[in-house]
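Let's take a walk through this one together. Keep the sequence and the model side by side as you read.

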Amino acid sequence: VTSLSPVALVRTDKDGLVTFVNDAFLRIYGREQEEMLMDGWADAVHPDDIERLEKEWAANVRSREEQSRERA
């Protein structure tokens, strides 16, 4: 199902390291699977956004709650 989804999907482990991204994620961000695993996702973020996003990511990891984000 995840390989057919047009929506970018990401799964992380309990420490916030990326363990899976689907094909839509790779197409949208123009990256290879190996680049996005573990903490490689940060390389796909615009430099103006990285500080804010890393803080949000860390807060999400600490909360241990499932997170979902939608972008237009």
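Where is Asp13 found? Asp13 sits in the loop between β1 (10-12) and β2 (18-21); helices (H or I, at least four residues) and strands (E, at least two) are DSSP runs, numbered from the N terminus. Before going further, some ground rules: this is a predicted model, where local features need pLDDT of at least 70, side-chain atom pairs count only at pLDDT 80 or more, and totals for chains, interfaces and linings use all residues. Residues are numbered from 1 along each chain as its sequence is written, and side-chain values use heavy atoms, with hydrogens and water left out.

Asp13 has a relative accessible area of 29%, so it counts as partly exposed; buried means under 20% relative accessible area, exposed over 50%, and partly exposed in between (1.4 Å probe, protein chains only). Now look across from Asp13 to Met38: the two are 25 residues apart along the chain, and 9.0 Å separates their C-alpha atoms. Met38 is placed in the loop between α2 and α3, and it is partly exposed because its relative accessible area is 45%.

Next, the charges. Side chains of opposite charge can pair when their charged atoms come close. The cut-off for a salt bridge here is a side-chain nitrogen of Lys or Arg within 4 Å of a carboxyl oxygen of Asp or Glu. Searching the whole structure turns up four salt bridges. One of them links Asp15 and Lys14, with 3.6 Å from N to O. Asp15 is partly exposed, at a relative accessible area of 45%, whereas Lys14 reaches 58% and is therefore exposed.

Now for helix α3. It covers residues 50-63, 14 residues in total, and reaches 20 Å from its first C-alpha to its last, close to the 20 Å expected at 1.5 Å a residue. That expected span is 1.5 Å times one less than the number of residues in the helix. Just after α3, Arg64 takes a positive phi of about 60°.

Which residue does Glu51 meet in a salt bridge? The partner of Glu51 is Lys55, with an N to O distance of 3.4 Å. Glu51 and Lys55 both belong to helix α3 and are four residues apart, about one turn of the helix. Glu51 counts as exposed because its relative accessibility is 55%, and Lys55, at 56%, counts as exposed too.

The pair Glu56 and Arg52 also forms a salt bridge, at 3.1 Å from N to O. Both lie in helix α3, four residues apart, again about one turn of the helix. Glu56 has 31% relative accessibility and so counts as partly exposed; Arg52, with 45%, counts as partly exposed. Salt bridges with shared partners join Asp49, Arg52 and Glu56 into one network.

Helix α3 also holds Leu53. With a relative accessible area of 24%, Leu53 is partly exposed. Ala42 is eleven residues from Leu53 in sequence, and their C-alpha atoms are 8.6 Å apart in space.

Last stop: a negative surface patch formed by Glu32, Glu34, Glu35, Asp39, Asp43 and Glu54. Patches are made of residues with over 30% relative accessible area and no salt bridge, joining like charges within 9 Å and nonpolar side chains (Val, Leu, Ile, Met, Phe, Trp, Tyr) within 5 Å. Lys and Arg count as positive and Asp and Glu as negative, with His and the chain ends not counted. Asp43 is exposed because its relative accessible area is 59%.

Terms used
Accessible areas come from the Shrake-Rupley method with a 1.4 Å probe; for residues, only the protein chains shown count as cover. The place of a charge is taken as NZ of Lys, CZ of Arg, CG of Asp or CD of Glu.
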